[in-house]
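Please read them alongside the coordinates.

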Amino acid sequence: MGKLAIETRGLKKSFGKTHAVAGVDLAVSAGGVYGVLGPNGAGKTTTIRILATLLRPDAGEAQVLGYDVVRDARSVRTRVSLTGQFASVDEDLTGVENLLLLARLLGYSRPRGRRRAADLLDAFGLANAADRQVKKYSGGMRRRIDIAASLVVPPELIFLDEPTTGLDPRSRNQVWEIVRGLVAEGTTVLLTTQYLDEADQLADRIAVIDHGKVIAEGSSGQLKASVGAGSLHVRLRSPEQRAEAERVLAAALDVPAEPSADPVALSARISDPERVARALAELSRSGIDVTEFALGQPSLDEVFLALTGHAAEETPQEDAT
Amino acid sequence: MNATSAEQASAPVTEDALRSVLAGERPSSPGPVLTSLTFGWRALLKIKHVPEQLVDVTMFPIMFTLMFTYLFGGALAGSTQEYLQFLLPGILVQANVMITMNTGITLNTDIQKGVFDRFRSLPVWRPSPLVGALLGDVMRYSIGSAIVITLGLVLGFRPEGGAVGVVLSVALLLVFSFCLSWLWTMLSLILRTPNSVAGVSMMVMFPLTFVSNIFVDPKTMPGWMQAVVEVNPITHLATVVRGLMHGSVPAGEIGWVLASSVLLVAVFGPITMVLYRNKK
Ligand SMILES: Nc1ncnc2c1ncn2[C@@H]1O[C@H](COP(=O)(O)OP(=O)(O)OP(=O)(O)O)[C@@H](O)[C@H]1O
Ligand SMILES: [Mg+2]
């Protein structure tokens with residue numbers, strides 16, 4: 001893969017005692033979607049704000065499209081766009097006023113700016129809402145105008161901070177289509193998300209961050225592989241036997257088995273597929289009736305749990321700083 | 001037409017449409033004057049969409065003019081008519097200076113919103129969102145001034161300087177108010193909430209406007225207070241506005257006002273910008 005669109009080394013930023021970003025190293029190649037996955041408060045927004053030149057890092061370095069975000073902030077700003085997590089347009093203004101405002105600020109003449117605004121509203125299916133205040137838009141429309149506002153001048157790189165949080169499935173799909181369209185046209189997209197399936201669906205590479213640190217990085221396949229071979233899912237005839245089944249499976253597989261939401265189901269992560277047959281034999285020997293079993297690829301959910309599970313154990317240590 | 005019907009009526013984003021908007025050109029960046037004026041245009045649009053925000057520029061001036069004229073007029077100058085000739089230019093100053101406070105409160109609310117992140121990530125002259133907001137406020141000062149003067153004329157205020165004197169004094173007032181606003185922009189970046197901005201502004205504002213010659217001639221005040229009144233820029237501003245409206249041109253005093261205007265921007269402008277740049 002060609003040159004790097006983003007490169008950071010040891011990026012740090014604290015707010016008082018909160019280490020929002022605690023040493024982030026990223027290498028994002030140009031083109032494609034890079035996903036930054038993390039729970040609330042992981043430091044996703046702070047990282048993006050540093051990369052978009054809104055915050056100065058306390059330590060470390062970051063280059064975006066080859067320009068240093070501190071020394072060469074203006075060069076970065078002319079080439080990237082930011083779609084923030086929260087209302088990134090003026091909610092008091094109408095859709096067309098927002099786009100015209102940005103077009104004027106970016107150097108369009110008034111008539112050209114008007115045309116540009118109309119084209120963008122058309123492309124994003126917002127032509128009917130052009131003259132309505134953004135505060136009256138639905139969640140999906142609002143997200144589309146947020147993204148449209150970032151494309152008034154097409155950027156080489158776009159930051160999307162949790163672009164689909166709080167959207168219904170249809171609106172979420174529309175945003176995904178937009179992201180895919182952007183990539184098809186050669187734009188590099190860095191998006192943050194709390195949704196594992198979103199990262200799985202969209203991102204070529206994913207950095208999992210927690211407590212301001214990258215705890216895993218790779219393609220979604222690599223991340224899954226790093227966690228183990230997958231999971232064994234088992235359904236029982238009767239819920240009373242589940243506790244017993246948990247003990248048997250744990251002993252046979254050498255890993256804890258976890259009860260699922262379904263009262264007759266449980267699952268266990270497995271490292272060695274050869275043990276599965278033995279575990280199932282062990283269940284029937286103990287008189288537990290299995291109605292169904294399946295061997296699954298680990299989901300990104302499981303990857304995430306596995307990874308942040310580790311981090312959670314380290315929490316007291318981090319808080320002590 | 002509600003949100004959902006509009007949304008369903010419009011086709012979802014198509015690849016072709018997206019491709020064509022992404023082929024858009026990259027115009028060259030405009031200069032600081034144009035970007036500031038554009039942000040000023042944003043402020044005017046906000047007044048258009050949220051006219052409630054004009055309450056302070058209409059109610060304050062009306063209240064003050066009526067209250068002080070009829071409350072103090074008889075006692076201080078023998079008759080309300082006579083006092084009005086003295087007071088109205090002063091009330092005009094006070095109304096404007098009061099209205100500038102709102103700048104900080106509005107900005108504090110505005111900056112908390114995500115849209116300021118977008119503005120700050122644009123390749124434009126960095127102070128332009130702030131300068132634009134202050135330019136938009138000039139509109140508010142003009143409205144406030146127009147209201148005070150109209151009300152004054154109705155009540156019997158007769159400026160000897162005529163229309164020219166009135167226009168000149170308002171122009172000077174707008175310049176001073178624009179410059180004073182930088183104090184509030186600075187405060188709005190230091191303090192966390194709009195409420196605390198309002199509180200601190202009041203604390204600055206009351207002594208600044210009352211310990212001056214807006215309401216009474218300072219001759220009856222104790223010596224130390226006269227000294228304070230004398231260095232208060234509001235005193236000089238009121239003297240100038242009074243002079244211009246009644247037909248004299250106090251050149252030295254005008255110099256004082258312009259100098260203090262420049263000083264206000266020179267001190268609070270850069271501090272504001274440093275705070276703005278390092279804003280989290
Ligand atoms: N301006 C700020 N002042 C103080 N603390 C902050 C500030 N911004 C972020 N933080 C803290 O830094 C940590 C990381 O926040 P950040 O917003 O980067 O997380 P995030 O991953 O974007 O979370 P979310 O998914 O909730 O958006 C949090 O503990 C947050 O409270
Ligand atoms: Mg965030």
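This is a predicted model: local features need pLDDT of at least 70, side-chain atom pairs count only at pLDDT 80 or more; totals for chains, interfaces and linings use all residues.

Which residues surround ligand 1, and which of them are the closest?

1. The shell around ligand 1 holds 15 residues, and the closest are A:G41, A:K44, A:T45, A:T46 and A:E162; a residue is near a molecule if one of its heavy atoms lies within 4 Å of it. Because the surrounding residues come from chains A and B, the site is shared between chains.

2. Residues are numbered from 1 along each chain as its sequence is written, chains are lettered from A and ligands numbered from 1 in the order in which they are written, and side-chain values use heavy atoms, with hydrogens and water left out.

3. In the side chain of A:E162, an N or O atom is 2.7 Å from a ligand oxygen, and for the side chain of A:Q194 the corresponding distance is 3.2 Å.

4. Two elements of chain A, β2 (18-29) and α1 (44-51), each give two or more residues to the shell, and α1(A) supplies the largest share, three residues. Helices here are DSSP runs of H or I with at least four residues, and strands are runs of E with at least two. By residue class, the shell divides into four nonpolar, eight polar and three charged, with Gly counted among the polar residues.

5. Chain A is assigned domain 1 (4-92 + 133-225) and domain 2 (230-297), bounds that come from an automatic or database domain assignment. The C-alpha centres of these two domains lie 39 Å apart.

6. Between the chains, 60 residues of chain A are in contact with 50 residues of chain B, contact meaning heavy atoms within 4.5 Å. The buried area, which is the accessible area (1.4 Å probe) lost on putting the two parts together and summed over both, is about 4900 Å², with carbon and sulfur atoms giving 58%. On the chain A side, A:L54, A:R77 and A:L105 lose the most area to chain B, together 13% of what that side buries.

7. Chain B has 12 helices and zero strands, and its C-alpha trace spans about 80 × 40 × 35 Å along its principal axes.

How values were computed. A polar contact is a pair of N or O atoms within 3.5 Å; within protein, one must be able to donate a hydrogen and the other to accept it, and residues adjacent in sequence count only if both atoms are side-chain atoms.
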